Amino acid sequence: MAENNSGGGDGGVGGGGEVSANQTIYINNLSEKIKLDELKKSLLAVFSQFGKIVEVLAFKTLKHKGQAWLVFEDVSSATKALHQMQGFPFYDKPMRIQYAKTKSDVIAKADGTFVPRERRKRHEEKGKKRKEQLDASQAGMGGVPAYAGPYGSAPPLSQIPYPGGVKLPEAPAPPNNILFVQNLPQETTPMMLQMLFCQYAGFKEVRMVEAKPGIAFVEYGDEMQSTVAMQELQAFKLTPQSSMLITYAKK
DNA sequence: AGCACA
């Protein structure tokens with residue numbers, strides 16, 4: 001009888017340093033040319049499919065550009081996102097995704113373990129090589145009252161309307177009824193795409209471009225309908241190694 | 001490359 005490891009390690013042997021599972025994923029190799037606000041909205045748009053997102057953090061400082069933290073409500077969502085979106089071409093650069101090294105403040109505040117940073121920063125110490133088991137993580141935190149609904153006051157980020165797609169700022173196509181699909185595997189046929197896109201209301205037709213393999217146009221009746229299809233199929237994998245990238249077509 | 005909490 002095989003015993004499943006319940007929630008513990010997946011068998012992945014990471015190439016780099018290993019970090020344990022976290023509700024927050026750390027993304028780097030992001031384009032640094034994108035405005036922060038757009039970057040965060042686009043990340044939200046593409047990652048909401050994996051579960052509720054509590055917060056998206058990104059910064060412009062030298063040390064932190066090209067990186068973002070995405071806080072999921074559940075670890076399982078973070079795990080799905082990490083595996084499925086690994087290497088996903090985002091603004092023409094493949095995302096590199098890891099679990100964040102530490103718990104996000106918003107999560108710590110929710111579970112009552114939040115410690116203000118001014119105190120944390122002074123806790124740097126060197127020279128101790130001895131291991132000691134000091135994690136009394138179950139110790140009751142007497143001082144901090146935990147709210148019943150910490151997420152209730154947070155804005156429901158995952159419900160923010162889709163901002164306008166994952167696309168380069170120099171090619172800003174306004175929302176319209178035609179979708180531009182990129183990063184399709186070589187073997188994609190119009191029939192495959194039709195099967196996929198015809199599930200959504202207003203579907204009219206799919207056109208592939210023979211001169212340029214890997215892309216397609218999908219037309220809907222109006223932009224509301226194309227937007228729904230875009231949101232549902234964003235990052236859909238026709239093969240395990242390629243996620244499709246959907247934007248609005250340029251007119 | 002780079003792990004924070006605007």
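**Figure 1. Base contacts with DNA strand B in a predicted model.** A polar side-chain atom of Trp69 lies 3.3 Å from a base oxygen of DNA strand B. Such a polar contact is a pair of N or O atoms within 3.5 Å; within protein, one must be able to donate a hydrogen and the other to accept it, and residues adjacent in sequence count only if both atoms are side-chain atoms. Residues are numbered from 1 along each chain as its sequence is written, while chains are lettered from A and ligands numbered from 1 in the order in which they are written.

**Figure 2. The protein surface near DNA strand B.** S1 and S6 each supply at least two residues of the surface. Helices (H or I, at least four residues) and strands (E, at least two) are DSSP runs, numbered from the N terminus.

**Figure 3. The largest nonpolar core.** This core has 28 residues; Ile25, Leu43, Phe47, Phe72, Met85, Phe90 and Met95 touch the most other members. A nonpolar core is a set of buried Ala, Val, Leu, Ile, Met, Phe, Trp, Tyr and Cys residues joined through side-chain atoms within 4.5 Å. Buried means under 20% relative accessible area, exposed over 50%, partly exposed in between (1.4 Å probe, protein chains only). H1 gives the largest share, 5 residues. A second, separate core of 19 residues includes Val206, Tyr220, Ile246 and Tyr248.

**Figure 4. Leu57 in strand S2.** Leu57 is found in S2. Its relative accessibility is 25%, so Leu57 counts as partly exposed. Beyond four places in sequence, Leu57 touches Lys40, Gln67, Ala68 and Trp69; contact means heavy atoms within 4.5 Å. Leu57 and Ser104 are 47 residues apart in sequence and 9.9 Å apart in space, C-alpha to C-alpha.

**Figure 5. Two loop residues with positive phi.** Most residues other than glycine have a negative phi. Asn29 sits in the loop between S1 and H1, with phi near 65 degrees. Asn29 counts as partly exposed because its relative accessibility is 29%. Asp92 has a phi of about 70 degrees and lies in the loop between strands S4 (89–90) and S5 (93–94). At 60% relative accessibility, Asp92 counts as exposed.

**Figure 6. Confidence along chain A.** The average pLDDT is 77, and 72% of the residues score at least 70. pLDDT is the predictor's confidence in each residue, from 0 to 100. Over residues 1–15 pLDDT stays under 50, and the model has 3 contacts beyond four places in sequence for them. Residues 122–171 also stay under 50, with 48 such contacts.

Terms used. Predicted model: local features only at pLDDT ≥ 70, side-chain atom pairs only at ≥ 80, totals over all residues. Heavy atoms only, no water.
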